[in-house]
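We will go from stop to stop, and each one tells you what to select.

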Amino acid sequence: MMQFKLNFKTRHAGMAALTTIVVLAGLILFNLLFQSIPAQWDMTRKKLFSLTDQTISLMENLDQDVMIYFLAKPGQEPVDILEVLEQYAGSSSRINLDIVDPDRNPTLVSQYADDGESITNGSVIVVSGDYSRVIDRLDLYSISYSQQGQPQVLGMTAEQRITSALAYVTSGREPLIYILEGHNEFTLDELNLQDVVIKANFSVRTLNLLKMGTVPEDADVVVILSPERDLTENESASLGNYLENGGALFISRDLTGGDMRHMDALLERFNLMVVPGVVMEKDTNRLLPGMGNNPLFFSPRLAEENPVTDSLKENSLDAFVFTAMAVQETATKKRNLKFTPLLNSSESSWLRRDLSNSSEFRTAGDLPGPIAVATSLAETNRETGKEDGARIIVLASGQSLSALPGLGQIKANIEFFINSLNWLSDLEESINIPSKSLFRLPVQINALQAWIYAAICVLLIPLLIIITATVILYRRKHL
């Protein structure tokens, strides 16, 4: 019988090869097991890839089933949107997700399309009972257009839209806002806000108080956008009665120089007054160099922990106002109302009341800052102290909602407006779900850091490898 005798080197090489195979097999097995574990950790500071607490709270309180259809061809689903939808389905047993190929299921898709319109591939349909909401694929992202008309994706608004749709289909509630007309106000179309407001789950109608006499009972919010003419006495009285019965009012004002006594009387009835003049900001950190550091154009400070401004702070969005007036609480308090400044200028600012004064410095007739340029007002219950009754928001820079020269429409200003409508209509679940930025800032290093990293990669690491190999070779030769 032949016996094979292996010398030492052969045995050593065999052991080395066997060890290598076992290690590789272990790594492959570990990788397969790890991939099968559905565990994810969102390590981004702003939790970009997680659902917000408000969405989770809404889903925990669902008492009816919801079906979400994602229109996409199998294998071609946008991964970012699919991951968001899977989080919804995975967070609640009430929510089911189905990926539907619109080419193979035209009948299912067509029953949710408006007459004469089609639903595009990549869109999301949220259905519960008799209610449904279609979210177009472009509405799942925050898109900005350059002056040449080129689109640029700035962020993802999928959670914003889907949670809003969930709130609608499970409650059937779509707040109704009335846009006052008859005083040369802006319309939502003129401000490019009509589509934004509708997508935020609001129904919109116009209101002519001269014809109707009173505010309709189904009004959730009345909106007045930069009127150039005053209200009549009857209109002021009608709006006052509406507010006294628990109504809600958003009003933006601009400096017109006209007589606004009835408008002012309405606000004073609720402890508010708009002070004519223009706010001049001198804090250079709040001015835009691109606007020549114009003191009339500035970024106001946001209120601390307020449902109207929280999403702006969390998403690092800067609002901008220009030729703003001041909003103050009246010295005499006629009602039990909570006054909250939402947007303020800095301590370095002032309100220039004498518009013929061209001085660049604060003078005797100016009101010192900080100046409130937007405020909210909520009626409170005298016994409980809780908000109960009328709600008002005043923005003393109405043109800030329009497109600004050289800047276009300010995203933060639009979000401020929508948040205001949500708060006024008591739609808490839509507030504070900001769009999630998709910007990835490049790593910035200075010259010294660049030399250090280059030395490590080009010199140190190769040198360590050479030294290690030399030591191993030396030891093997002397075994």
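**Stop 1: a pocket.** Select strand S4, which gives the largest share of the lining of the second largest pocket, four residues. Strands here are DSSP runs (E, at least two residues) and helices are too (H or I, at least four), numbered from the N terminus. A pocket is an open set of points on a 1 Å grid over the protein atoms alone, with protein on both sides within 12 Å along at least five of seven lines; lining residues have an atom within 4 Å of a point.

This is a predicted model: local features need pLDDT of at least 70, side-chain atom pairs count only at pLDDT 80 or more, and totals for chains, interfaces and linings use all residues. Residues are numbered from 1 along each chain as its sequence is written, and side-chain values use heavy atoms, with hydrogens and water left out.

How much space lies in the second largest pocket? About 620 Å³. A volume is the space filled by probe spheres set on the points, which are joined across faces, edges and corners. Now select Asp114, Arg133, Val134, Ile135 and Asp136: of the 23 lining residues, they are the closest to the pocket's centre. The lining divides into seven nonpolar, seven polar and nine charged residues. Nonpolar means Ala, Val, Leu, Ile, Met, Phe, Trp, Tyr, Cys and Pro; charged means Asp, Glu, Lys and Arg; the others, Gly among them, are polar.

Colour domain 1 (53–151) and domain 2 (174–435). Both give residues to this lining, so the pocket lies between them. The bounds come from an automatic or database domain assignment.

**Stop 2: a helix with a buried face.** Select helix H9, residues 261–268. Its buried residues are Met263, Leu266 and Leu267. Buried means under 20% relative accessible area, exposed over 50%, and partly exposed in between (1.4 Å probe, protein chains only). Look down the axis of H9: the buried residues fall within an arc of 95 degrees, so they line one face of the helix. The arc is taken from the directions from the helix axis to the C-beta atoms. These residues pack against S9, H8, S10, S11 and S21.

Move on to asparagine 271, in the loop between H9 and S11. Is it buried or exposed? Asparagine 271 is buried, with a relative accessible area of 0%. Its phi is near 65 degrees, a positive value in a residue other than glycine.

**Stop 3: a cis bond.** Select glycine 369 and proline 370. The peptide bond from one to the other is cis, with omega near 0 degrees. Proline 370 sits in the loop between S19 (367–368) and S20 (372–380). Most peptide bonds are trans.

**Stop 4: a cavity.** A cavity is a set of grid points where a 1.4 Å probe fits but cannot get out. The count comes to three cavities of 30 Å³ or more. The largest cavity has a volume of about 50 Å³. Select its lining: Ala319, Phe320, Val321, Leu343, Leu395, Ser400, Leu401, Asn413 and Phe416. Seven of these are nonpolar, two are polar and none is charged.

**Last stop: the whole chain.** Zoom out. The chain has 12 helices and 22 strands. Of its 479 residues, 41% count as buried.

Terms used: Contact = heavy atoms within 4.5 Å.
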